[in-house]
Structure formats: C-alpha cells, structure tokens
Amino acid sequence: MIFEKTRDMNITPEVIRDHGLTPDEFQKIRKLLGRDPSLTELGIFSVMWSEHCSYKSSRVLLKNLPTEGPYVLQGPGENAGIIDVGEGWACAFKIESHNHPSYVEPFQGATTGVGGILRDVFTMGARPIAIMDSLRFGPLSPFEAGARNTPPETLARNHSIVSGVVAGVAHYGNCFGVPNLGGETVFDPCYSGNPLVNAFALGVARQDQLFFGRASGIGNPVIYVGAKTGRDGIHGATMASEEFSEASEAKRPNVQVGDPFLEKLLLEACLEAMQTGAIVGIQDMGAAGLTSSSCEMGGRAGTGIEMDLDRVPQRESGMTAYEMMLSESQERMLLVAEKGREDEVFAVFRKWGLDAVTVGVVTSDGLLRIKHHGEVVAEIPNTALTDEAPRYHRPQREPARTLAMNPPPGWDSISPEKAFLRMAASPNLASKHWVYEQYDTMVRSNTLEGPGADAGVVRIKGTKRALAMALDGNGRYCRLSPKEGARLAIAEAARNVACTGALPVAATNCLNFGNPEKPEVMWQLAQAIDGLREACAALETPITGGNVSLYNETLGQGIDPTPIVGVVGILTAAEDEEEPRPMSANFRSVGHRVVLLSAASELSPEEALQRLGATEFAATIVGETWGLPPALDLERERSLQTCVRNAIAAGVLESAHDVSDGGLAFCLLESALGRPVERDGSSAGSIGARVNLRGDGSPLLTLFDESASRVVVSCTPEKLSQLQALARPLGVQVMDLGETCSDRLEVSINQKPVLALALTEVQQVWQNALQEALQAEAVAV
Amino acid sequence: MKIGVVVFPGSNCDHDALYAAEKVLGQEAVAIWHDSTDLRGAEAIILPGGFSYGDYLRTGAIARFSPVMTALQRFARDGNPVLGICNGFQILCESGLLPGALLRNAGLRFACRQVHLRVETTDTIATNACQPGQVLRIPIAHGEGNYFADAGTLERLRREQRVVFRYCDEAGEITPASNPNGSVDNIAGICNEGRNVVGLMPHPERAVEAGLGSADGLPVLRSLLNAPVLSAATRLHTPAQGV
C-alpha cells in the first residue's frame with residue numbers, strides 16, 4: 001500500500017500513477033505550486049483531485065441543475081443544503097453514497113456512510129431528526145429476475161452484503177438515536193459486485209442558529225475535536241474513485257470503522273458548543289479528513305490555514321504527515337473559534353469527554369500550511385485544491401441499443417393470479433419489514449409516518465409543521481433511458497411526498513454510475529443530469545446538494561445508471577389543528593370508494609406494450625427488459641400532485657398511495673397491507689378492495705403497467721363528487737374503481753374477474769418472502 | 001410532581017422522556033447529568049432508553065458505575081418511584097435494583113415495532129393507573145431485550161406478583177408468537193420487592209399521542225404521578241437536593 005512506503009520516496013511516474021493522478025494532472029500541480037510537490041503534498045492533491053472529492057468528471061454537467069427557489073436558504077457547495085421550513089425553522093438535508101466501502105466491508109462501510117451524512121447535517125447546526133437509506137444489492141436466489149446464471153458464491157456473498165449493510169445502518173442510526181424512516185431496498189444482478197448504499201439525513205435548526213464551513217477571521221484558532229486520528233481509511237476517497245478488481249480485498253484496511261456512541265457525544269457537544277456563540281465555522285472531516293476540512297473551510301472564506309500536526313490527537317504512534325493528512329478516521333470535526341474564547345469551547349467538549357485541541361490558526365495568505373516536527377511539510381494555495389481542481393469534458397457516446405423494443409413472444413402466457421403471487425414473493429415487491437424493523441424508526445418521538453408509507457414524515461415539536469421525505473430511483477428505467485429514468489425518479493419522490501399532503505420544495509441527489517472514462521457511461525451521466533434538470537425545474541424542487549459516485553464497476557462490469565433522489569416537502573397543520581396529520585397510504589375503513597386519480601398519458605396499444613418492458617412484471621415474470629420506461633408528462637404530473645394535495649387539504653381523502661413498482665395491482669395490495677402490522681398472531685383486520693378496472697389488451701398490462709402520474713385514493717361515498725369537482729379543472733381523471741371491503745382483494749377488468757384472493761393468503765407470501773430468501777441456502781438450479 | 005430524567009453519555013430517549021413528562025403529563029421535568037451526585041430534587045426518576053456508554057462491554061454495565069447511581073440507589077431503597085425504560089431497565093438489572101438480565105434478542109437482530117403488553121399487576125408505581133389485564137399497544141426498540149432469570153428468581157417473581165408486563169397478542173393472550181425477543185415467560189417488565197422500582201423494555205414514552213401511532217403509554221407514565229410521595233425528610237436522605 002502506498003502509505004507504507006512514504007517516508008523516503010522519490011516521486012516517480014509510478015508513484016504518480018499509484019496516486020491516481022495522470023501525467024497532465026501532475027504537471028498542473030507543478031505549475032500551481034511553481035515547484036515539485038513533496039510527497040505529502042502529492043498525497044493531498046491526489047485525494048482532493050480524486051473524482052470523489054473534486055467531481056472532476058461531473059462538475060461541468062452538475063452546474064446545469066436548478067439550485068435556487070423560494071425555499072432554498074443554502075444550495076450546493078456546503079456540507080448540506082438548507083431550506084426554509086417556516087416559523088423561523090430551517091431544515092438541512094443531503095444524501096451521500098458509501099458504495100465502495102460497503103462492498104469491501106459491508107457492516108463498517110454502511111455504518112460510516114450513515115455517520116458521515118449525519119455529521120454533514122449537524123455540522124450546519126441542525127439536529128438530525130430523520131435518516132433514510134436507498135440500498136441496491138445483487139440477487140439472493142437464482143429464481144430472481146435475471147439471476148439464473150448467478151454463481152452460488154456470488155449469491156452467498158450477496159447474502160452477507162445484505163445482512164452486513166442492514167445491520168450496519170441499524171447499528172449506527174439506532175445507537176446515535178435518529179429514526180430511520182425507510183427508503184428503498186432493490187435487488188438486481190448488476191449490483192452483485194457493486195452494492196449501492198446511499199444514506200440520507202435530515203436535521204432542523206432555528207434559522208438564526210445555522211453554521212457554515214468557513215474559516216473566517218484572521219488569527220482565529222483552528223480547533224480539532226472528536227476522535228483521535230489513526231491510520232484507518234487512508235486513501236478512502238481515492239479508492240472510491242476507481243473500479244474494483246480482484247485485488248480489492250486488499251483494500252479492506254482502507255475502510256473506516258464507525259463509532260456511533262462517539263458520534264452521539266460529538267453531536268451533543270457540537271450543538272452545545274454552538275450555543276456558546278464562540279464558534280465561527282465548522283466542518284466535519286469526511287473523505288480526505290483533515291485535508292478537505294481545512295482547505296475547503298479556508299477556500300470558502302478566502303483565508304489560509306496553518307496547522308501543526310504535532311498537536312493533532314493521535315491514536316497510533318509514529319504517524320507521518322502524509323498519513324495524518326489523508327486519514328479518514330471517523331467522528332472528527334474541525335472548527336474555527338473566536339480568538340480568546342477557546343476555553344468556552346474546550347469546556348463543553350471536556351464535559352462530553354472529547355478531545356478538543358487548538359491545532360492551528362486562520363491566516364491571511366490563502367495557503368494551507370502544514371507543519372510537522374517543526375518543519376513545513378506542505379504549503380499549497382487552498383484554491384489549488386478546490387477551485388483549481390481539474391474539470392473534464394469527458395467524451396460521451398450514446399451506447400448502441402441491445403435491448404429489444406417489443407416484448408418477446410409468449411410474454412402474456414401466465415395467468416394474472418399466478419403472476420401476481422409470484423411478484424408478491426419477489427424480494428423487490430415483497431414487504432421490507434425484515435430490513436426496517438432492524439431500524440429504530442421512532443426514537444425522538446416525532447415519527448408521524450415511518451417505513452412502509454409513501455414518504456416518511458416527522459413533526460417539528462412546538463410548531464404546526466412536519467417534514468415529509470422520500471427516496472426514489474430506478475436503475476432499470478435508466479438502463480432503457482437514463483434521462484427518462486431520472487425524470488421519473490424526481491416525479492415519483494415528489495409524488496410520494498405529495499401523497500402525505502406535503503408540498504415538495506427541494507431535492508437532493510446521489511448519482512451512482514460506472515466508469516466515466518467510458519464515453520457510454522459519460523453519456524448516461526449527462527442524460528440523467530439533463531433529466532433531473534427538467535424534472536426539478538418543472539416540479540419546483542431545486543437540488544440543494546448531493547453526491548456523485550462513479551467507478552461503480554467490478555472487473556469491468558458496471559451498474560445500471562442509478563440516480564437516486566430524495567425529495568423533501570413541508571406539511572402544515574390545518575388551521576383548526578395543533579399538529580399536521582399526514583395522509584396515510586392505507587385504506588382506513590370498509591365501504592369507502594376506491595378511486596384512481598390519473599394524469600397518465602394516453603398510449604397507443606403498441607407503445608403501451610413497449611412501456612411495459614421496464615416494469616417489475618417484465619423483469620420478474622417475463623425475465624426480460626425491453627422497450628422504454630413508463631411515459632411521463634411533467635406538466636400533467638404536476639397537476640396530479642396538486643390535485644392530491646388539494647384533496648387532502650380539503651379533507652376529502654381517507655388514504656392516498658401512488659402507483660409505482662408492480663403497477664396498479666401492487667398499489668392496491670400495499671394500500672391494504674402496507675402498514676407494518678402486528679405479527680403476534682393478532683388478526684390485523686386488513687381492509688382490502690373490490691374493484692373493476694377498465695383496460696384494453698392483456699389483463700397483465702392493466703394490472704402491472706407502471707405508468708406515472710397515478711395515485712389510488714379512498715374516500716367516503718359522499719365525498720366522491722367533491723373529489724371530482726377538485727380534479728376536473730386540473731385535467732385529472734377520476735376513476736371510481738370500486739369499494740373497500742374486509743379481508744379480500746378482488747379485481748376484475750371490464751367486469752371479468754382476474755384476481756380474487758384472501759388478504760391473509762397474500763400477506764403470508766408478501767410478508768415472509770424477503771426473510772425466506774435471506775434464510776435460504778444460496779444454491780444454483 | 002418533579003420528574004427527573006437521568007442522562008448518561010449515549011442516552012438517546014432522554015429528550016422523549018422529558019417531553020412526555022413536561023408537555024404531555026404537564027409536570028416539571030429536569031435532566032440529571034450522569035456525574036451529578038444528587039437528583040436535583042426529583043420526586044420520581046426515569047432512566048431513559050439509549051446506548052449508555054455505547055453499550056460497549058454489555059448493556060448498562062458501565063452506566064451502573066456512574067456517580068448518579070449512588071444517589072439513585074438510595075432514592076430507590078427509600079421507596080421513591082424509579083422507572084427504567086429499555087436501556088434504563090438494563091441498567092437497573094446491572095445495578096442490582098432489579099433481578100435478572102437482558103440477553104440478546106432470540107432472533108439476534110434489533111427489533112423495532114409495535115407490540116402488545118398485558119398489565120399483570122396494578123400494584124406498582126408504573127401500573128396503578130392501568131386496569132388489571134389491560135392490553136397496551138406500545139413499541140419496542142432493542143437488540144437486547146430477552147429477559148432471563150434463574151428458576152428460583154422466576155418462581156419468586158411470580159409468587160410475589162412482580163411480573164408487571166407480559167408480551168401478548170391483541171386479545172391479551174400470552175402466546176409464543178407474541179413474544180418478540182425470546183424473553184422467558186413472555187416477561188416485558190418487572191418490579192422490585194417494594195414495587196417502587198419498575199423496569200420494562202417497551203417504550204411508553206413513545207406512545208403518548210395518537211399521531212405517534214398509540215397513546216397507550218400514558219397510563220403507565222401517569223401511574224408515576226400516583227406514586228406515594230414520600231415526606232421531604234425521607235427524600236432528603238439523598239444529599240444536596242437543592243430544596
């Protein structure tokens with residue numbers, strides 16, 4: 001490993017290459033410094049100019065995203081984005097990937113992913129009140145979509161990745177004490193060697209108590225707080241900026257180790273220290289640790305920072321400057337305090353039993369100057385590391401299409417009921433309670449809607465407001481069209497938020513792609529960003545931050561382009577109520593009308609079949625993907641969301657659930673079973689539905705088509721005309737499908753019965769499928 | 001009543017307990033830092049949930065050595081009300097104020113969901129406002145809530161009616177399927193001989209408003225208010241009350 005050989009090493013072309021720098025980049029470094037870099041400086045440049053930290057391949061594209069809006073207080077460029085919630089409150093939130101570490105060491109990779117995003121939020125002064133996670137794994141059994149030829153050892157490894165990642169997310173969030181409101185868990189063969197772990201966190205603060213990562217005030221002390229620095233995670237950012245090979249196992253020591261207890265102390269100490277008024281700026285030490293926190297804080301404030309590494313609390317002896325600057329030890333923060341008020345800060349950290357040491361000073365020269373053992377070991381202009389980092393307009397090429405446009409012959413040879421039950425047993429559509437019951441979903445007693453709902457909702461105590469949030473993404477849609485897939489992701493996340501009654505106001509994104517040096521991958525990235533741009537503009541959900549994860553490839557096998565987005569919305573209490581009440585996704589009582597609100601585009605029979613090719617039905621039952629993603633007209637989508645929110649605000653609805661994976665059939669099933677039910681043998685008394693759908697062509701199309709801009713709602717029969725009156729001016733169709741009933745799901749199409757099931761029967765399958773898949777021996781057929 | 005909530009490093013349900021005591025029950029509530037040597041004049045104490053000291057080594061094993069525990073031991077032995085929730089229950093067991101121990105869940109995984117509890121005795125500081133046999137819907141959130149005690153202890157707990165809550169189904173039946181963590185005899189909570197110290201794994205403080213999914217925790221917390229308030233002289237055994 002590089003860092004073991006650093007003590008007396010000349011900078012040869014091999015050393016430059018081992019640092020992931022190109023010859024041209026090295027020449028640029030020489031030019032910026034006006035001399036050759038020292039080895040420590042080379043290390044510092046290599047992490048700051050890594051893809052992970054510099055966004056060198058994506059930056060030119062990301063600047064096209066809409067980032068401003070009436071609710072945005074802080075857009076991209078800080079540790080987290082911030083929006084105005086009202087009543088003097090602000091909300092900080094962001095999503096970030098921890099994909100590479102989670103493949104190398106699933107448990108620790110996931111814990112530190114959660115830990116990192118939590119720090120990004122509380123470093124802004126916001127107390128985290130919710131987390132969510134979007135997870136992608138390879139298949140668990142050969143019976144899943146596309147998994148027939150997956151080798152048993154890969155399936156076994158997938159099992160351990162799933163268990164490890166879920167346990168890691170649980171461990172960190174549970175101990176830290178922040179509720180996990182759900183997210184997504186998706187299985188597809190393309191994620192076998194490249195699991196995706198995208199962690200989202202959201203916190204709240206008073207608007208006048210926000211903090212930023214800026215090293216202002218010449219002469220102010222730079223203070224190191226939190227855990228001691230060790231050798232863990234050195235070059236983690238560089239690892240996250242390359243493909244995986246067979247040698248990746250050797251990178252295990254590059255994965256950091258998380259300590260949620262320490263982070264909890266750090267949270268409380270930081271928030272308490274912020275109350276003293278002595279803190280000027282603060283930033284967490286994430287990727288590239290001491291290096292990124294110092295040069296970014298200096299860069300933003302236009303100042304320099306001088307640090308003496310001898311003062312840095314160290315966990316190991318004999319660490320070099322190179323190792324200390326590149327260490328990614330967790331649970332550390334760098335802060336700048338007002339000169340002369342250091343003791344107020346130290347007292348707080350002492351109370352919480354944490355290290356707090358002055359390690360440097362803010363200077364006026366704009367340089368990052370690092371001293372070690374009395375010598376200057378690095379002296380680099382801050383902006384050389386941040387603003388001057390390379391930006392590439394990498395070549396793009398649309399890949400030749402290999403997937404068919406039309407369904408294979410015989411695609412419709414299965415009976416609707418058989419298809420429905422098989423889909424209910426597939427890990428992608430089955431209940432995810434095995435995952436989310438390992439998460440504390442209620443701590444802090446704010447959770448109004450937890451996992452299993454369309455969106456998570458937490459109240460802000462003492463206000464009339466709550467925040468709704470949802471994560472969405474669909475790699476299969478993006479495989480067929482990255483642009484359409486990205487648009488659909490924003491539309492679905494915003495629709496999920498709207499289904500609670502909240503107004504979607506902002507978004508965060510995590511762009512998971514393959515190797516950007518391949519023109520086809522670069523094309524996918526550009527297309528996806530273009531799709532996000534369109535959808536965020538149309539739905540008025542500007543992007544306030546996020547992260548790009550490239551090089552998600554193992555042995556040359558890349559993932560489907562997978563942009564994951566998080567949308568946050570604000571829910572306000574009705575005038576006569578003290579607290580907001582989110583709309584539930586679940587049927588509430590028998591005898592209510594079941595209604596489809598639709599703004600979906602009209603499709604020709606041929607196009608409808610093409611649009612079926614991206615669905616869960618196509619993947620799980622037909623075993624193929626073809627055609628195009630579901631159609632989406634953003635203006636119509638917007639009308640639909642307005643209609644749903646207006647109907648909720650008017651008190652017309654009893655439930656609202658959007659149509660997505662698995663189509664109308666699974667929307668109905670989830671409306672009946674979605675809520676976490678007691679599994680203690682109690683009869684849950686499920687409320688099902690008896691409905692008649694209209695449809696042309698195969699009943700499979702009507703049941704499982706995933707056309708966007710549709711929501712299934714329920715209302716009392718008396719409210720139906722009011723709903724129609726609300727929907728008409730918005731151009732939203734109101735289709736009265738039938739009524740809620742007890743314990744059964746009965747669906748007919750054009751009056752011909754196609755599904756007739758007892759809910760208990762489906763519930764057994766749907767509820768246990770994921771757990772059974774995880775417990776089964778991974779054997780190939 | 002003045003309700004004190006002890007805050008250990010790593011407690012994370014302390015805010016919830018304070019909120020429930022203050023905003024929902026309308027009582028005076030104070031946080032008591034773990035290195036405090038007095039209980040700030042509290043008339044009832046809640047040991048909240050969380051991961052005190054990270055729960056490294058063993059749940060509650062380090063918290064029992066906190067300075068505040070000396071004052072708490074005396075407060076409890078004097079007959080004052082003490083309610084340990086989740087990690088608080090684990091700390092009470094570790095510190096010997098309650099018998100038995102909490103092992104890892106039978107499924108070896110953390111479990112967070114709503115469960116049903118049956119009130120087995122109303123003669124405690126945590127159940128005097130409940131009905132005998134009342135079924136409460138209250139969430140659990142723990143990785144180590146599998147109650148264990150040796151046969152002799154169990155026999156004594158039963159004989160003295162010191163099993164306070166058992167996991168049950170919606171109808172109040174004690175069944176294996178309703179036991180979320182493998183606890184012996186479906187035990188979810190117990191009390192001491194004096195019936196003034198109660199520990200339970202489920203979280204009544206998370207079930208105090210309908211919007212949170214259940215308000216069934218209210219009678220448990222309200223019971224604290226009915227606990228016999230001992231004379232100030234008795235309470236003054238605990239040093240430096242600040243009264």
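This is a predicted model: local features need pLDDT of at least 70, side-chain atom pairs count only at pLDDT 80 or more; totals for chains, interfaces and linings use all residues.
Before you start: residues count from 1 along each chain as its sequence is written, and chains are lettered from A in the order in which they are written. Local features need pLDDT of at least 70, side-chain atom pairs count only at pLDDT 80 or more, totals for chains, interfaces and linings use all residues, and side-chain values use heavy atoms, with hydrogens and water left out.

**Exercise 1.** Work out how H7(A) and H10(A) are oriented to each other.

*Solution.* 
Step 1: Find the helices (DSSP runs of H or I, at least four residues, numbered from the N terminus). H7 covers residues 106-122 of chain A, and H10 covers 260-275 of chain A.
Step 2: Take the angle, which runs from 0 to 180 degrees between N-to-C directions, using axes fitted to C-alpha atoms over the stretch in contact. Here it's about 5°, and the axes lie 11 Å apart.
Step 3: Angles under 35 degrees count as roughly parallel and 65 to 115 as roughly perpendicular, so H7(A) and H10(A) are roughly parallel.
Step 4: Look at who touches whom (contact means heavy atoms within 4.5 Å). H7(A) brings A:Gly115, A:Leu118, A:Arg119 and A:Phe122, while residues from H10(A) include A:Leu266 and A:Met274.

**Exercise 2.** Do the orientation again for H23(A) and H26(A).

*Solution.* 
Step 1: H23 spans residues 663-673 and H26 spans residues 759-775, both in chain A.
Step 2: Their packing angle is about 95°, with axes 11 Å apart. That's why this pair counts as roughly perpendicular.
Step 3: Among the residues making the contact are A:Leu669 and A:Leu673 of H23(A), plus A:Val762 and A:Trp766 of H26(A).

**Exercise 3.** Describe how chain A meets chain B.

*Solution.* 
Step 1: Count the residues: 35 of chain A are in contact with 34 of chain B.
Step 2: Get the buried area (accessible area, 1.4 Å probe, that two parts lose on being put together, summed over both). The two chains bury about 2,900 Å², 55% of it on carbon and sulfur atoms.
Step 3: Look for salt bridges (a side-chain nitrogen of Lys or Arg within 4 Å of a carboxyl oxygen of Asp or Glu). The rule finds three across this interface. One pairing is A:Arg459 with B:Glu209, whose closest N and O atoms are 3.0 Å apart.
Step 4: See which elements take part. H8, H10 and strand E14 of chain A each give two or more residues to the side touching chain B, and H10(A) gives the most, with four.

Note on methods
Angles under 35 degrees count as roughly parallel, over 145 as roughly antiparallel, 65 to 115 as roughly perpendicular and the rest as oblique.
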